[in-house]
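Welcome! Here is a short briefing to read alongside the sequence and the 3D view.

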Amino acid sequence: MAAIYQAVYRRASSLFCRLHSTYVRKMRYLNELKEDDSLCRQAQTSGTFYLFHNLSPFLQKVGKKYLVPQLSAAEMKRILEKFKETEQWIEKSVLISCSDEHVPHFALDLGALQKSVIESELKGSFTDLRKALFIVDGKDSPLLASAQSLLRWHDSHQYCSKTGQPTQKNVAGSKRVCHASGITYYPQMSPVVITLVSDRSRCLLARQPSFPQGMYTALSGFCDVGENVEETVRREVAEEVGLEVESLWYTASQHWPFPSSCLMIACHALVRAQQAEISMNSLELEEARWFGLEEIMEGLKREPRSSKQDDGSFLPWFPPQQAIAHQLICEWVKQQTS
């Protein structure tokens, strides 16, 4: 029995090492592409490309599914030739990932070219990212989000904030340099806390006027300069709903591209049931209220299109499973039912 156990253990350890080595090699290859312009330029000739048009990703509908196609370098060349553009367009792309086999993936925005012609040629459509994130396969959503964030950052950082001179991106798009000042700019994310407040038997959800009708979600807000996560959670809850956090804990994080590139830091927070009367900040929120377990479970089953009632009002529904707010709500349900 001991010999069998040792053999299984060795096999499992060997598999772990191979997987670990694959990941390490992949990360180091990506780093090489970011640091070596000539290597990255060569990789563009064998890589695949995700297309955007004014920051909207290109999707293809196959049956009931929406796919995110990857175009080869040869296909990209053919599209560019159709518009009488040179292959230099490809250098406008940004590196976003690579496969385990070291096939690099790039994102390229063709916003200067006629959208309808590209859509007709490739038999698909450019779709608003907010919609795209919730209709594509779960593994593609983070890639589209990070690609759009990087493309947006390059579009808004074409000039040096100190000299006003143009900045130049490296081939991979991992940085921009102002040659006049020598300053190197790197893409950055803004930290945002998203907090599900509970008094143990209920959880608090809110909505802003800009939200789709009927949608409620967890409280969120940007971290102020000098704040840690705990301070941000306590301040946001106090500002938005007038409650004092008793305890809190971190659960997960997610990159989110709205309104720009954000790092969503998801937390749970407890308040005292005896001091749980909401005093809502109407400048930030349209509504905030407590939800019981049964109402939360019903809301999780409800789809946006089925939330409208005959009298024109809307039943509550919550962010879809790709959003980290959904994870927070499901974790709370699990806590209540375990």
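A charge sits over a ring if NZ of Lys or CZ of Arg is within 6 Å of the ring centre and within 35 degrees of the ring normal. By that rule, the charged end of R289 sits over the ring of Y216, 5.6 Å from its centre. Please keep in mind that this is a predicted model, where local features need pLDDT of at least 70, side-chain atom pairs count only at pLDDT 80 or more, and totals for chains, interfaces and linings use all residues. Residues are numbered from 1 along each chain as its sequence is written, and side-chain values use heavy atoms, leaving out hydrogens and water.

**The annotated domain**
- The unreviewed UniProt entry carries the annotation "domain: Nudix hydrolase" for residues 187-313; UniProt annotations may be inferred rather than shown by experiment, and their positions are given in the numbering used here, with feature names shortened.
- Residues 187-313 are 17% helix and 33% strand, with the end C-alpha atoms 42 Å apart; helices (H or I, at least four residues) and strands (E, at least two) are DSSP runs, numbered from the N terminus.

**Nonpolar cores**
- A nonpolar core is a set of buried Ala, Val, Leu, Ile, Met, Phe, Trp, Tyr and Cys residues joined through side-chain atoms within 4.5 Å, and buried means under 20% relative accessible area, exposed over 50%, partly exposed in between (1.4 Å probe, protein chains only).
- The largest nonpolar core has 40 residues, and L144, I194, L196, L205 and I296 have the most contacts inside it.
- Apart from that core lies another of 26 residues, including L33 and V171.
- Leaving aside residues up to four places away in sequence, I296 touches C203, L205, F291, F318, I329, W332 and V333, where contact means heavy atoms within 4.5 Å.

**Aromatic pairs**
- Rings of Phe, Tyr and Trp (its six-membered ring) pair if their centres lie within 6.5 Å; planes under 30 degrees apart count as stacked, over 60 as edge-to-face and the rest as tilted.
- The count by this rule is six aromatic pairs.
- F49 and F106 form a stacked pair, 5.4 Å centre to centre with 25° between the planes, and both residues are buried.
- F49 lies in strand β1 (residues 48-53) and F106 in strand β6 (residues 104-109), 57 residues apart.
- F134 and W256 form a tilted pair, 6.1 Å centre to centre with 40° between the planes.
- F134 is in helix α5 (residues 129-135) and W256 in strand β14 (residues 247-256), 122 residues apart.
- Ring pairs link F134, W256 and F258 into a cluster, and the charged end of R130 sits over the ring of F258, 4.0 Å from its centre.
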